[in-house]
Amino acid sequence: MEKYKHMPDEWDRWLDASVDRDCRPADILAAMVAANYDPAYAEQVIGERIARRRTGLPAAERAPYRYGTPRIRHQGNLIRTGDRDVRVVMRLDQPVVAVLDNVLSDDECDAVVALARDRLAPSATLSPATGENQVRDTRTSRGAFLPEGDNALLRRLNRRIAQITNTPVEHGEALHVLHYGVGAEYKPHPDYFDPNSPGFAATLRRGGQRIATLIVYLNDVEDAGDTVFPKLGLSVVPKKGAAVYFEYMNEEGQLDEATLHGGAPVGAGEKWVLTKWVRQDVFR
Ligand SMILES: O=C(O)CCC(=O)C(=O)O
Ligand SMILES: [Fe+2]
């Protein structure tokens, strides 16, 4: 039977009551999954409900995001890094999104793919409700973190990306590679962690909130697989060595929901990306 991805009023009231009684998120989730709810859907609504109870405000009633000066800086179309001239192709200011070219050379892209290929594992997502890492149909790619260690290429890329994002290198998480086969996708999501979701407390202690993301395309995709921003009607088409940058936390700690994005299903061929998520503080 098809799993439920919406809730009748009766269940809605049950969920409110369970949250009000401080039931354990894992128990609420287990009850919903036993009643045939889609697990990813259940985690999402439970996380949101707890978050709403803690802030007392639904998302629509919070203060609108205030835009400051974008972190990323360029002169003309140029971002000069220590070892490579990166080009800005497109910039949007609200939300802050930029499309960059010439971020990695073809050889660097191939070398990163070669490094990651044998380390891939099914991509997991962190449950907003329980904080567990789970494999869900919202994310059907395979991925691997690439800790820098003593790898000269990764070290160079981490430094270059820190210069592009104008953030300290220590604030970056380890580089992360994703591989999508035909039909694989990453459904729209924010990259930041809702600070009120109980499942995200542990990761938020490791360097604070995520503030910005750089996604570098490591190959040309035969068909589709765009990075989509559904609230903007924007699709960034993968191009080997190019990248999309976006930022979503300002100095006041507000989070920009307009940066919701996903990896659309790959139509033909395969898609490889390299992601850098940047934290507020030193990431440990
Ligand atoms: O594959 C994409 O285009 C999006 C990847 C993504 O959203 C991420 O790595 O956070
Ligand atoms: Fe993302």
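Reader: Which residues surround ligand 1?

Author: Happy to start there, with the reminder that this is a predicted model. By class, the shell has four nonpolar, five polar and one charged residues. Ligand 1 is surrounded by Leu 178, Tyr 186, Asp 191, Thr 213, Ile 215, Thr 227, His 261, Gly 263, Val 273 and Thr 275.

Reader: Which elements give two or more residues to that shell?

Author: Among the residues around ligand 1 are Thr 213, Ile 215, His 261, Gly 263, Val 273 and Thr 275. The elements that give two or more are strand S10 (210–217), strand S15 (261–263) and strand S17 (271–279).

Reader: Leu 178 is in the shell too. Which residue stands opposite Leu 178 in S8?

Author: Strand S8 covers residues 175–180, and five of its six residues are buried. Strand S7 (residues 142–146) runs antiparallel to S8, joined by five bridges. Opposite Leu 178 stands Gly 143.

Reader: How far apart are the end C-alpha atoms of helix H5?

Author: Good one to check by hand! H5 has 14 residues (152–165), so at 1.5 Å a residue it should span 20 Å. The model agrees, with the end C-alpha atoms apart by 20 Å.

Reader: Which strands do the buried residues of H5 pack against?

Author: The buried residues of H5 are Leu 157, Arg 160, Ile 161, Ala 162, Ile 164 and Thr 165. They pack against strand S1 (78–80), strand S2 (85–92), S8, S10, strand S14 (243–247) and S17.

Note on methods: Residues are numbered from 1 along each chain as its sequence is written. Chains are lettered from A and ligands numbered from 1 in the order in which they are written. This is a predicted model: local features need pLDDT of at least 70, side-chain atom pairs count only at pLDDT 80 or more; totals for chains, interfaces and linings use all residues. A residue is near a molecule or strand if its C-beta atom, placed from the backbone, lies within 6 Å of it. Helices (H or I, at least four residues) and strands (E, at least two) are DSSP runs, numbered from the N terminus. Ala, Val, Leu, Ile, Met, Phe, Trp, Tyr, Cys and Pro count as nonpolar, Asp, Glu, Lys and Arg as charged, and the others, Gly among them, as polar. A residue is buried if 20 or more other C-beta atoms lie within 10 Å of its own, exposed if 12 or fewer, and partly exposed in between; C-beta atoms are placed from the backbone. Two strands pair if DSSP finds at least two bridges between them. The expected span of a helix is 1.5 Å times one less than its number of residues. Two residues are in contact if their C-beta atoms, placed from the backbone, lie within 7 Å.
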